[in-house]
Amino acid sequence: MGISSCAPMDSDDHSLGGSVVSQDALSLTVSEGADNTYTITNSSQDLDDIRYFISTDGKKLEEFAVGASITCQFKKKGSYPVYLYAFSACDQKVLSHNIEVTENWVDPNAPTDDPTEWLGFTAGTNLFEGTSATLRFWFADGSWTQIADPDNEGDVATGITFTMNGCGSERWQAQMQVENTGIVLSAGKTYDFSVVINSSVDGVGATVKPQKEGDDGTFFTENIFPLHKGNNVIALTGCVGFDGNLKVAFDFAGAPEGTVFTVKNFFITEHNDANVIPLDYNSADNIWKAIDDTQAFEMSFWWADAGWAQIGDPGFEANGRIYTITSNSATAAEWQAQNVFNTTSLGFSADDVFDFSCVVMATADSRVTVKLCQIDDDDNQAFYKNDVQLKAGKLQVIKFADCKFAKGAASPVKLIYDFGGCEAGVDFVIANITIIKK
């Protein structure tokens, strides 16, 4: 038997016959499609003895030949890493690529009403409930000759939907009258009124006139309200009442033929301080919207039991302008369920005056304290309100006007929500935070 040896300096190749993988051989192509879908294609070099695998979660690998693709949907905005691996018998390489999703996906088949969208007042006794109001249309052409009623369906309780026909464009040539409501008002009281008009198009308007039945000269308002596509809330607070029955007149003259309107959520009650009209979240002047868009804050939590011993943090989920906090444990008193948005760059000068609003909703009857103050000085606050009552499943608007920091707040500020006294297992939703400097 003969034995021979190799000289190490003669060859450095101790592989099993495979090829060394060049990093330059790896390539991914990512193309964006509809509904937050992204097609990921293995566009690497097609080399002998090289196998390619793609991972969209950093854990599971799936083999993809050169030219093969996978399509993924990312429902929430964020940065999603994708990995391409190349393997030979003796080597491996990896290439990573981040897919940047800029907007949350909205399911087109989901209900059109956003559960956090404010759709009018809810506090107090709605006098429209149980009414048997009658509905009357009066549509006319450009010469004021009455024409056929528009196609319509529904009622005050379920919502009234109709389609504009070829009426004239002058005011009061497309009237919808909600009459015989049986709602008796008093001149010695004030009232809160709201209604929602959903429009199928942008750039139209509607006259809304809550009035005394039989007296066109006595009313809360007869303004023309501009409408955008989707839901529009017309809300009036502290309206001086009158002695008589309530009628609500609408006029949609000027809207193009084929426009579909739905008038819904009729609400009127004796004035209640809890009925507050929120600021416009989508206003170009809303300085908090950029914080939502970039998540420019750090969350901190301090939850305690009835004995003030600190307990575990709640559940927390951020979804654009909507934040959900879930109470994993019950608490007993105010400040035992603190949730803090510590902003990273939002500050105010001593001269800044601003308005604030948000909406809060809970899945069980509860309460909330809200406070905006300086991160390094809790006493330097712009506003503070405790014991705001929350009714299960109903949006509560919280609003402050003419806010100002006593000392200014050039350093970042923090926005605190406290749900102390809550039950376990309650979801608290905070949405549409709006700050508008004056």
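Helices (H or I, at least four residues) and strands (E, at least two) are DSSP runs, numbered from the N terminus. The model described here is predicted, and local features need pLDDT of at least 70, side-chain atom pairs count only at pLDDT 80 or more, while totals for chains, interfaces and linings use all residues. Residues are numbered from 1 along each chain as its sequence is written, and side-chain values use heavy atoms, with hydrogens and water left out.

Ala187 has a relative accessibility of 40% and counts as partly exposed, a class that lies between buried (under 20% relative accessible area) and exposed (over 50%), with a 1.4 Å probe and protein chains only. The C-alpha atom of Ala187 is separated by 4.4 Å from that of Gly241, although the two residues are 54 apart along the chain.

Two strands are said to pair if DSSP finds at least two bridges between them, and on this basis an open sheet of 3 strands has the order S1-S2-S5, with antiparallel pairing. Its edge strands, each pairing on one side only, are strand S1 (28-32) and strand S5 (69-73). Neighbouring strands of this sheet are turned by 20° against each other on average, direction ignored; the axes behind such angles are lines fitted to C-alpha atoms, for helices over the stretch in contact, and angles run from 0 to 180 degrees between N-to-C directions. Strand S2 (residues 37-42) is joined to S5 by 5 bridges, and the two run antiparallel; here Tyr38 stands opposite Cys72 in S5.

Another open sheet is formed by 6 strands in the order S22-S21-S25-S30-S27-S28, again with antiparallel pairing. Strand S22 (310-311) and strand S28 (377-390) are its edge strands, and each of them pairs on one side only. Within the sheet, strand S25 (residues 337-343) and strand S30 (residues 413-418) pair in the antiparallel sense over 5 bridges, and Asn339 has Tyr417 in S30 as its bridge partner.

Turning to the aromatic side chains, the structure holds 33 aromatic pairs, where rings of Phe, Tyr and Trp (its six-membered ring) pair if their centres lie within 6.5 Å, and planes under 30 degrees apart count as stacked, over 60 as edge-to-face and the rest as tilted. The rings of Trp302 and Trp308 are stacked, because their centres are 6.4 Å apart and their planes stand at 25°. Trp302 is partly exposed at a relative accessible area of 29%, and Trp308 is likewise partly exposed at 46%. Elsewhere, ring pairs link Phe128, Phe137, Phe139, Phe162, Phe250, Phe252, Phe261 and Phe266 into a cluster.

On a 1 Å grid over the protein atoms alone, a pocket is an open set of points with protein on both sides within 12 Å along at least five of seven lines, a cavity is a set where a 1.4 Å probe fits but cannot get out, and lining residues have an atom within 4 Å of a point. Strand S20 (residues 260-270) gives the most to the lining of this pocket, with 4 residues.

The count comes to 1 cavity of 30 Å³ or more. Among the residues that line the largest cavity are Trp118, Phe121, Ala274 and Leu395.

Technical notes: Points joined across faces, edges and corners; volume = space filled by probe spheres on them.
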